[in-house]
Amino acid sequence: MHGDGANGAGLFERNMYLAEDRILCFEIVTKKKEGWVLKYVKSAKAATDVPTTIAEFISQRRRWLNGSLFAALHATVYMFRIWTSGQGFFRKLLLQFEFIYNAVQLFFSWTSLANFYLAFYFLVQSATASNDGAFSFMGVDGAGLIIFDVFLKLYIALLFVVTVCSLGNRPQGSKYTYGTSMILFGICNCIGLWCAGYTVYLAAPKTVAEWEQFGTLITTNAAFRDIVISLAATYGLYFVSSFLHFEPWHMFTSFLRDNGSAKDLGGAKKVANKDGEDMYEVELPTAREDVDSVWAASRNALRNKPKEEKQHRDAATKQADHDRNSRTNTVLAWVGTNMILILLFTSTEFQKWALKFGTGAFNPYLSFLFYALAALSAIRFVGSTLYLILRLCGL
């Protein structure tokens, strides 16, 4: 796995070991002919200094996301090493299932940019398609379509701005840009939540008689069924799990938190005047012969073409250039795949095809997304509950 990069490790390894805890756990569990067991200690407590500024928070997220991405890739590629370990057969099956689950999670993490955008796109589009839509209370004809158009373009612009800032700047140098982007993303999310709430209102039962037919509505009303599943898979399962573990507090708290430098002035030198104030003294040619000599020297320098100097990169520079190129290719692949998904699912042909299965926000793409996330949440819930049962049994 080790390359010829700095410290004997290649770019992949150096990024991978940013999540050294994940790599260490994976290597211990899958060690050849060994049966090491890792256990979660619920009573263990840890304290840390959390980021207090936007720049610190983004720097932390960069490190964690970068490390977790490459660590997840490593674990996915080498998942079958579990079968050469000394683990028991059933433990191998369970760990293999967990590795496959992590691979699916990796796919959704990679496409999260497109998924968030498409969810915003479809929800707001469906809730603003008619004059009596989510923004009809404004009393302006076509207000919903105007809001959809404006915020869709704003969302795309924010994605572009954040991507460019991430490529060329440290978070500390773009803190105001990031801060403004976070505020505007928050406004876009408020629009999306309002449209989602409006969609839920349209699909939910309105009378007692309709609520009495709850089971029938789930089987006959596809939009209502998708809403129930998505809400139960997110808020429902997490809420139940937190109470099962007697730690519900986070469910409530989580919803509510230049110095200058002197410029180079060529031959100028800094001095202090009689009042003690800083000033710059510059020597300029004043005599005629001095001006002529300067002009003659400059003309001779322009007449003689300088020899071309070939640049020779040392090993460290070549490695740095290779690393930068690899990072650029990774970002291009990530942005490219997400853009392909966005273009595919927002195309006219897909939307025509989607109309065959249903109308509104709950098209086949969103239905797939909701069911997939519901399945992943259910797996986490089962694992969490099994841990609680085994812990109560002393296993």
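The side chain of K153 meets that of D149 in a salt bridge, at 2.6 Å from N to O. A salt bridge, by the way, is a side-chain nitrogen of Lys or Arg within 4 Å of a carboxyl oxygen of Asp or Glu. D149 is partly exposed, at a relative accessible area of 38%. Both residues sit in helix α6 (residues 143-168), four residues apart, or about one turn of the helix. An α-helix has 3.6 residues a turn, so residues three or four places apart point the same way.

How many salt bridges does a search of the whole structure find? It finds two. The other pairs the side chains of R81 and E27, again with an N to O distance of 2.6 Å. R81 is in the loop between α3 and α4, while E27 is in helix α2 (residues 20-29), so this pair ties together parts that are 54 residues apart in sequence. R81 is partly exposed, with a relative accessible area of 27%, and E27 is partly exposed too, with 28%.

## What you are looking at

This is a predicted model, in which local features need pLDDT of at least 70 and side-chain atom pairs count only at pLDDT 80 or more, while totals for chains, interfaces and linings use all residues. Residues are numbered from 1 along each chain as its sequence is written, and side-chain values use heavy atoms, with hydrogens and water left out.

The chain's secondary structure comes to 15 helices and two strands. These are DSSP runs numbered from the N terminus: H or I with at least four residues for helices, E with at least two for strands. Of the chain's 395 residues, 28% count as buried. The chain exposes about 27600 Å², and carbon and sulfur atoms supply 64% of that. Accessible areas come from the Shrake-Rupley method with a 1.4 Å probe, and for residues only the protein chains shown count as cover.

## Inside: two nonpolar cores

The largest nonpolar core has 35 residues, and Y117, L118, F122, I191, C195, Y365 and L366 are those with the most contacts inside it. A core here is a set of buried Ala, Val, Leu, Ile, Met, Phe, Trp, Tyr and Cys residues joined through side-chain atoms within 4.5 Å. Several elements give two or more residues to this core, including α5 (112-127), α7 (175-203) and α15 (364-392). Which helix gives the largest share? That's α5, with ten residues.

Take C195: leaving aside neighbours within four places in sequence, C195 is in contact (heavy atoms within 4.5 Å) with L123, V124, A127, A134 and F135. There is also a second, separate core of seven residues, which includes V29, M79, L95 and F99.

## Helix α13 and a buried serine

At 1.5 Å a residue, the 31 residues of α13 should span 45 Å, and the end C-alpha atoms are 45 Å apart, which agrees. The expected span is 1.5 Å times one less than the number of residues. The buried residues of α13 are Q319, D323, S326, N338, I342 and F345. They pack against α1 (11-16), α4, α5, α14 and α15.

S241, in helix α10 (residues 222-244), is buried as well, with a relative accessible area of 13%. Apart from neighbours within four places in sequence, S241 is in contact with F381 and S384.

Now for the surface. F80, W83, F89, F90 and L93 form a nonpolar patch there, with about 590 Å² of accessible area together. Patches are made of residues with over 30% relative accessible area and no salt bridge, with like charges joined within 9 Å and nonpolar side chains (Val, Leu, Ile, Met, Phe, Trp, Tyr) within 5 Å. W83 is in the loop between α3 (54-77) and α4 (89-110) and is partly exposed, at 34% relative accessible area. L93 lies in helix α4 and is partly exposed, at 39%. The C-alpha atoms of W83 and L93 are separated by 8.9 Å, with the two residues ten apart along the chain.

Finally, K33 has a positive phi of about 60° although it is not a glycine. K33 lies in the loop between α2 and α3 and is exposed, with a relative accessible area of 70%.

Terms used:
Buried means under 20% relative accessible area, exposed over 50%, partly exposed in between (1.4 Å probe, protein chains only).
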